[in-house]
Amino acid sequence: MDREYYVRGERKTVEEIDNVVAVKAPSARDARATAASLGTVTDGRDVGVPDDTMEAFERARWVFVEPSADTTSRMSEAAPMPDTEDVGKLVRRPNGRFGIVTRRLNVQLSESLSAEEAEQVLAEHHLELRARLRFAPNLFVVETAAHPDALAASVDLSADERFTLAEPSLVEHVPQRFTPTDPRFAEQWQWRNTGQAGGTAGADVSAEEAWDQTRGAGIRVAVIDNGFNANHEDLQAAVLPTSGFFQNNDTFVQGTAGMPGSNHGTFCAGMVGARHSNGVGGCGAAPESELMLIACLGDQVGTQTTLAQAVAYAANPAMEVPGADPNTGADILVSSLGPNGADWDLTETLRLAIEFAAANGRGGRGLAIFWAASNGNNVNILQDEVVSHADVIAVVRSTRFDLEDNAARGPEVELIAPGVAVVSTNTNGYGPSTGTSFAAPCAAGCAALALSMNPALTRDELRQIMRDTAEKIGGVAYDANGHNDDYGFGRVNALLAVQAAAASVSVVQGRDIALVRQTPGWASIPVAFSNGDGSWRITNGGAPNFIPDWAHQPGVRVVQGDFNGNGSTDIALVRQTPGWASIPVAFAQGDGSWSITNGAAPNFIPDWAHQPGVRVVPGDFNGNGLTDIALVRQTPGWGSIPVAFAQGDGSWSITNGAAPNFIPDWAHQPGVRLIAGDFNGNGLTDIALVRQTPGWGSIPVAFAQGTVRGRSPMVRRRTSFRTGRISRVCG
C-alpha cells in the first residue's frame, strides 16, 4: 500500500509492507518472546529486506511480526503497546531502501511563534515533546498521540500553516562506507609514496613535506562514526573531553566512558590524528590535531535525527550540553557514514543541522564538512542527497597509482584522496583497509594542516584552498572549472594547501592586489599596484579600526566592489554573526591610502546577515554604477531578498524586497547554486538558481527591478525582485 508524507515541503511516497509490524524489544534476550506476544514472528528477508539491513535491525533488537488483530487495532488507535520499547511499520522507499515508521517525527513551527505558543500548538495537535533541537528555531522531536503513525501525522500537520516542517523520523540502516581488504602493508603510502608495493612514487598527499611547516596543532577535528576505541595507544592523547556518544540514539553522553567501539571509526580517527614519534604504529595526516570523537547509531540503525544532533553538536556543544562553551566546537568535521550504492535521501532535519554547522561553526567562520561519497563503480553521486548538499565536501578514493577506484562519480565529487589499502589504527592495533570512508578523513586531516597555518580562514576560504591546490591526476580531462566527475578538483595535496593557507591573508583584486588580514596584528592594508609590465609598486596604507578592530571579528566576510563609483576597488566587511549593526568600508584613495567609514545598516546586519544559510551576493542591483550587497537565504524562513544599497559616501539604504517562490520554495533545495549576473541586459545584477541535483527542469531567476540610477547619496533607491523560471536551456 502506498503512503504519503512530506519532506522539505515536497510530497513523498513510500510503500507500506502489508501485514508486517516492526517491534523493538527492551532487551536482546527477550526480543523474539516480546514480538511473539504481538503476532507471528516473521523474517524481513521474505519481503525483500537485504541481509545486511536485516542483520542490523536484529542487532538493534527490531523483530518483525504478522500482527494479531489486537495489535493491529492498538496501532490504528495509537494505543500503548505493552512490554515494548517501540513499534512501527515497515516501509520501502522508491529507491528500494527499507525503513521503520514509528509515531516519532520532527516538526518545526513558524519563527514568529514564541516558545510558549509553539508548545501550545504541539499540545493542540496531541504531539508529545521528546526533544528540542537547538540548531534551528522552534524545531522539535515529537511523538504523535493522535495519529496511527508519523506518516499520517506528516500529512495532517503539513496542512497547518503554522508548521514549516513535519517529517517522519524513519528508523533506517546507516552502514559504514568501507570495503575491507586482506593484504597487509606495513607502510603508510598515503603520506609518502616511494613506489613501495609497485605503486607510483609521489602518488600521495605530500604530508611529509607539509609536516616540516605544521602538524595541525590547535585544530579540533570532529569525527562522526558508529563508535571508537578512544583508549587506543595511538589516539588516546589526542581525544578531547568534548567527545561523547548518543545513548539509545537520543540521549547524548559527554566523555568516552561507555563509548561503543568500532573498528571503522577507530580507523577513520587514526587517519586524521594518530600521534607521531611515540614509538608505536604509524600516524595520521594531522598528528598534533585534537580529536572530538562523536559516536552515534552504534548498531548502524537509527534516524537521521541523531546524525543531525551529532553534526550540530560538533559545531556547538551547547546544542546537546546546556551551558557548554560554543567556542569548544570543532574546526573541521568528517563523517564516513552512509549506505553504499549512493541512494540516500536527506531529511529536512539533517539539512538544517548541516547548514547550521556550516554557517555558524567556529564562531561564525563556518565549519568545513567532509563526507565520504559512496563506494561502488560509477554510482551517481547526485542520488546521495547528503553528500551532494552544497555545504558538504564529498570525497572519493584513489589508489597508490594515483587513479580513482570504484567510487561515486558526478558533479558533486569535490576531492579525491588515498583510500585503497591505506594503513591506520584499528580496534586491535593497526592494519590496511579500503574505502571512501578512509579517503574522507585523509582529506579532512590535510585540511586541518592548512587551517592551522591560518585559523582565521572561513569555511569557504579553506574549501577553496583545498580545491585550488588539489593535483590534477589520472591522466583525464578536467573541465574549464578544473573539475572531473571521477576525480573532483583533484587529489588532495597537503603541502600545497599548507603553503596556500600560510599566504592566505584575504586577497582583494582589481587590476592591483590588496591584502586584508583577518587575524590580529596589522593596522594597514598593503597593496601591490601593477605597473603593467609585470612589475609592481608596493604601498602599505594605514587602515585604522578597519583591520585592528573589525576585520578579525568572527563571521566577517570580505566583499570587494566600487562602493562610491569612482572606478577604484574598495573593500567592505559584512559580519555574519551577531554583534554589529553597520558595514565598514575602506575606500581606496588611488595612492595606496584608505578612507575608512562605518555606515549604519539597520536590520541588514543585526537581524538578517547572521541567519543560517545566508549567502552574501555583491552586485549593482539598481544600475547606478555602485556595488550593492544582497543577502540570499538558502534555508527556509524568508520570502524576500534584503539589499544594502551603497550611497557613495559609506552610508547604506536598506530594502527587503519580496521574492515570492524564489526564496521560500526554490533557494533552499539541495544542490542549489547561486549565480549573479545581468540576465536580461538592463544593466542590473540579477540572481539565478542552478540546481545540481535531480528534481528541476528550469532555472529560477530573481530579476532586480531597480529604477533609480543617480549617484546622489540623497536619493533613496528601492529595489524589488521579479521572479521567473527559464524552462528550456539549450547549448
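## Exercises on a cavity and a core

In this predicted model, domain 1 (2-172) and domain 2 (185-322 + 329-505) both contribute residues to the lining of the largest cavity, so the cavity lies between them.

**Exercise 1.** Describe the largest cavity by its volume, and then by the residues closest to its centre and the classes in its lining.

*Solution.* Begin with the count, which comes to three cavities of 30 Å³ or more; the largest cavity has a volume of about 140 Å³. Of the 18 residues lining the largest cavity, Val7, Arg93, Glu167, Pro168 and Thr347 are the closest to its centre. Next, sort the lining by class, which gives seven charged, six polar and five nonpolar residues. Finally, turn to the elements: strand 1 (2-7), strand 10 (163-168) and helix 8 each supply at least two residues of this lining.

**Exercise 2.** Decide whether Ala314 is buried or exposed, and find what it touches.

*Solution.* Locate Ala314 in helix 8 (residues 304-315). Its relative accessible area is 0%, and buried means under 20%, so Ala314 is buried. Leaving out residues up to four places away in sequence, Ala314 touches Ala222, Met292, Ile294, Gly329, Ala330 and Leu333. As for Gly361, it is 47 residues from Ala314 in sequence, while the C-alpha atoms of the two are 8.2 Å apart in space.

**Exercise 3.** Identify which residues of the largest nonpolar core touch the most other members.

*Solution.* Among the 61 residues of this core, they are Trp191, Val223, Leu293, Ile332, Phe370 and Leu462. Helix 10 (residues 436-453) gives the most to the core, with 12 residues. Taking Trp191 as the example, its contacts beyond four places in sequence include Trp211, Met271, Cys283 and Cys442.

Technical notes: Residues numbered from 1 in each chain as written. Predicted model: local features only at pLDDT ≥ 70, side-chain atom pairs only at ≥ 80, totals over all residues. Heavy atoms only, no water. Core = buried A, V, L, I, M, F, W, Y, C linked by side-chain atoms within 4.5 Å. Buried < 20%, exposed > 50% of the residue type's maximum accessible area, 1.4 Å probe, protein only. Helix = DSSP H or I, 4+ residues; strand = E, 2+ residues; numbered from the N terminus. Contact = heavy atoms within 4.5 Å. 1 Å grid on protein atoms, 1.4 Å probe; cavity = no way out; pocket = protein on both sides within 12 Å on 5 of 7 lines; lining within 4 Å. Points joined across faces, edges and corners; volume = space filled by probe spheres on them. Nonpolar A, V, L, I, M, F, W, Y, C, P; charged D, E, K, R; others polar. Domains from an automatic or database assignment.
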